[in-house]
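Colleague: Thanks for making time for this one. Please put the model on the screen, and I'll ask my questions as we go.

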Amino acid sequence: MDTLLNRYRNITVLLLVILAQLVLLAYQVKNNQDVRIIRLWAVTAVTPVARVVEGVRSGVAGLLGNYIFLKDAREQNRRLRQELARVKLENQFLKNELATADRAQALLKFQAQTPSRTLAARVIGIGATANSRVVFVDRGSTAGVQKGMAVITPDGIVGKVLASFPTASEVLLVTDPTFAAGVISQKHHVRGTLKGQGFGSCRVDYVQNEETVEVGEWFYTSGDDRIFPKGTPVGRVTVVRPGPQNKEIYVDPAGLQGGLEEVLIVLDAVHQAVPEAQTASTSVYLAPPPPPDSTAEPALPPGATEADRLREHYREVGEAQGHKFGEGLPGSKPPDFNLKVPPAQERKPAAAAQAPQAPQVPNPAAAAPASRTP
Amino acid sequence: MSRGERLMFSSQRESEISRFRARVLFAVPLAAILFQVYVPLFFEFLAYLELPLLVVVYFALMRRSPVGGLFIGALVGLAQDSLSRNPLGMFGIVKTLVGYFAASVGMRFDVDHPFIRFALGFFFFLFHQFFYWVLARGLLGLPVSFEIQRTLVLGLLNAVVAVSLFHFLDKLKERG
């Protein structure tokens, strides 16, 4: 080291002296902006270094800051994800609650409207067997549930009670392969037997190929099985095609659409008429019917013929004269068929008061066979 | 011995360092500076003589020490700056370099030779003027011009004066 210094001693001293004078010079001299050269040099010499140092410092600080920020962001992201998951669950819960409330309200409304006496039940479990389509509801024999009772929803039939336990019941769903029920189509009144297939859709059997069934047509219960009250929706036809012996008709069970949580167990079934199919175009204006003409014959009810009118007239004549058709012996006095009987409107209140009640189906559990499944 | 070899050192004796008394080292530069400052007030044409420069070159050549030469140059230059309008350091830097290089050259050439002295006087005058012009433009940003012909003429003039001055200053050497 000493040798090196001795070797370059002269030039080192020269540079030092020059540098010292440069500093001295720069201290005195000002530039055109009245700034001393030494300050200009100092700033010029220091600022790049300071810029580099600041760049390094800011880079390191930024790196550390970003790292910490990213660490915080990661933590925040994790926390937000948890919160989002919680909110999603809460939202789903609230949606379910709302849907449950809606379903319960719809169920109550349907329960109030339907003439059948029903019992609301909640599905509490499903069958343990993979192939069977059964569910358990929280109403059993203590609530009056009996084997064979129909289980429905406002949307359609669900199944029937397969077994009744004190606090629960086992319900066989319409999709179970062993399920069967009598159905009738809404538009063409085609009768058939609804059978489950083990999956989503059901099949309507025993419909002749000559019968007319359209896709989209609704099937209702026919009441023939003595389980389901007549007029309960079953489902909409999705597939119709001619088969080797009978039509192949597939129906989407409406009662199972949108999940199954609340059901109605029909304790006392009351048959209803199958609702008429709506016309395709409901927006066509129909004028009100003309007023009844007193001189003209009363209008025939829909679907009636002149023979029906004549038979009704004879019945009224017979009732007016106390004659019972089919009971008089040959040669006895016939009723006066020219008797003028009062118009039907005047006798309507009295007739309505004497009209028989709607047919009541007895308790299906008592009347139906033990099992109608094939 | 060829002519070129005579310009170089031919013996150890010729390369010996000349020594001066301290008062000589102090008084001669001071006198040169005073001459540079005051004499042109009365004889304007003498302003073209760079006596401080010539004194620095002489002492650097004679001392044959770069460090000594640069310090002599620095001190003379700073003194000259302090007595002029220049910022301190302009002549100091230039004369520092002159003293350093002059001492370096004096280690290789026979600086007692009049031709060498003339040549070195001429060369270092040009060097001094050029480097001062560089510093003036580079550091101070002064709009000064470098007139080559005028500089060459003044260089010759100073070189002639240098030969005479150096001969006079040789008388002030310490006699060993």
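Colleague: In which loop of chain A does A:Arg226 lie?
Modeller: The backbone stands out here: A:Arg226 has a positive phi of about 60° although it is not a glycine. The residue is partly exposed, with a relative accessible area of 35% (buried is under 20%, exposed over 50%, partly exposed in between, with a 1.4 Å probe and protein chains only). Helices (H or I, at least four residues) and strands (E, at least two) are DSSP runs numbered from the N terminus. On that numbering, A:Arg226 sits in the loop between S9 and strand S10 (233-242).

Colleague: What pLDDT do local features need?
Modeller: Residues are numbered from 1 along each chain as its sequence is written, while chains are lettered from A and ligands numbered from 1 in the order in which they are written. Side-chain values use heavy atoms, with hydrogens and water left out; and since you ask about confidence, this is a predicted model, where totals for chains, interfaces and linings use all residues, side-chain atom pairs count only at pLDDT 80 or more, and local features need pLDDT of at least 70.

Colleague: What positive phi does A:Tyr206 have?
Modeller: A:Tyr206 is found in the loop between strand S8 (202-205) and strand S9 (218-221) of chain A. It is not a glycine, yet its phi is positive, at about 65°.

Colleague: How many Å apart in space are A:Val240 and A:Val251, C-alpha to C-alpha?
Modeller: A:Val240 is found in strand S10 and is partly exposed, at 21% relative accessible area. Leaving out residues up to four places away in sequence, A:Val240 touches residues including A:Val213, A:Val215 and A:Ile249 (a contact is heavy atoms within 4.5 Å). A:Val251 is 11 residues from A:Val240 in sequence, and the C-alpha distance is 9.1 Å.

Colleague: Is A:Thr175 buried or exposed?
Modeller: A:Thr175 lies in the loop between strand S5 (169-173) and strand S6 (180-185). Beyond four places in sequence, it touches residues including A:Arg133, A:Phe199, A:Cys202 and A:Leu256. With 4% relative accessibility, A:Thr175 counts as buried.

Colleague: With which residue does A:Glu214 form a salt bridge?
Modeller: Side chains of opposite charge can pair when their charged atoms come close; the rule here asks for a side-chain nitrogen of Lys or Arg within 4 Å of a carboxyl oxygen of Asp or Glu. For A:Glu214, the closest N and O atoms of the pair are 3.1 Å apart, and the partner is A:Lys187.

Colleague: How many residues apart in sequence are the parts that this pair ties together?
Modeller: A:Glu214 is partly exposed at 31%, and A:Lys187 is partly exposed at 44%. A:Glu214 lies in the loop between S8 and S9 and A:Lys187 in the loop between S6 and strand S7 (191-196), so the parts joined are separated in sequence by 27 residues.

Colleague: How many salt bridges does the rule find across the interface of chain B and chain A?
Modeller: The contact takes 17 residues from chain B and 15 from chain A. About 1,400 Å² is buried between them, 80% of it from carbon and sulfur atoms (buried area is the accessible area, 1.4 Å probe, that two parts lose on being put together, summed over both). B:Leu88, B:Ile93 and B:Leu139 supply 34% of the area that chain B buries against chain A, more than any other three residues. As for salt bridges across this interface, the count is 0.
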